[in-house]
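Hi,

Here's the structure I promised to pass on.

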Amino acid sequence: MQHQMPGEAATSAEGVTPLKLFLGFASIGFVGFGGVMPWVRWLVVDRKSWCSAEEFDNLFALASFLPGGNVLGVSVMVGGRLAGRRGSLAAVLGLVAPPAVLVCLMAELYRRHQHLEAVQGMIGALASAAAGLIVAMGLRMVWPMRRSPRALAIVLVVVVAAGLLRLSLVWILLTILPASLLAARLVAR
């Protein structure tokens, strides 16, 4: 049985078109400054119920292991799962194209006004908000794993390796992936 946090709906992926994917991903692309992954999770799991929390966590894990940006990998996989190749393309274009124009405009404004103290204060506040969103997404991703000591142990090891020991993501993945596969194999016996 899938465990969901209060307020999470069951998966509802029927009738998802490339246009719906484009519009959904474009809407979060506009508000996702500082990192869009928390917004992607909110859209895909909480708002549209296109994936369950567990499915999203699995897609995120796979995207984190593949080259390229993990948010792009998740959008490709969600779009492809829901509407094939056209869905993948629509999700990526929605995520990237409209916000790219806005980012270019914002970059020009920042270039012209970066010397102002108010602008520097605003950038600091945005950085804090982005960090808070990432922490909140991490907690929501851990929630479905709360009854799995093995999963929580892996989360703890990765947090220590990345946060305290500051090991490279490549080394963490190269170590954790075989270790977690071995642990799963031993549990299955």
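The biggest thing to look at is the largest pocket, with a volume of about 1400 Å³. A pocket here is an open set of points on a 1 Å grid over the protein atoms alone, where a 1.4 Å probe fits, with protein on both sides within 12 Å along at least five of seven lines; lining residues have an atom within 4 Å of a point. Grid points are joined across faces, edges and corners, and the volume is the space filled by probe spheres set on the points. There are 31 lining residues, and A61, M145, I154, V155 and V158 are the closest to the centre.

Before going further, note that this is a predicted model: local features need pLDDT of at least 70 and side-chain atom pairs count only at pLDDT 80 or more, while totals for chains, interfaces and linings use all residues. Numbering runs from 1 along each chain as its sequence is written, and side-chain values use heavy atoms, with hydrogens and water left out.

Back to that lining: α3, α5, α6 (149-164) and α7 (169-188) each supply at least two residues, and α3 gives the largest share with eight. (Helices are DSSP runs of H or I, at least four residues, numbered from the N terminus.) By type, the lining splits into 21 nonpolar, seven polar and three charged residues.

Eleven residues line it, with M106, A107, Y110, M122 and I123 nearest its centre. Six of the lining residues come from α4, the largest share, and the make-up is ten nonpolar, one polar and no charged.

As for α5 itself (117-142), its 26 residues reach 38 Å from first C-alpha to last, close to the 38 Å expected (1.5 Å times one less than the number of residues). V119, A130, M137 and M141 are buried in this helix, meaning under 20% relative accessible area with a 1.4 Å probe, protein chains only.

V78 touches F25, V44, W50, C51 and L59 (heavy atoms within 4.5 Å), leaving aside residues up to four places away in sequence.

Cheers

Definitions and conventions:
Buried < 20%, exposed > 50% of the residue type's maximum accessible area, 1.4 Å probe, protein only. Nonpolar A, V, L, I, M, F, W, Y, C, P; charged D, E, K, R; others polar.
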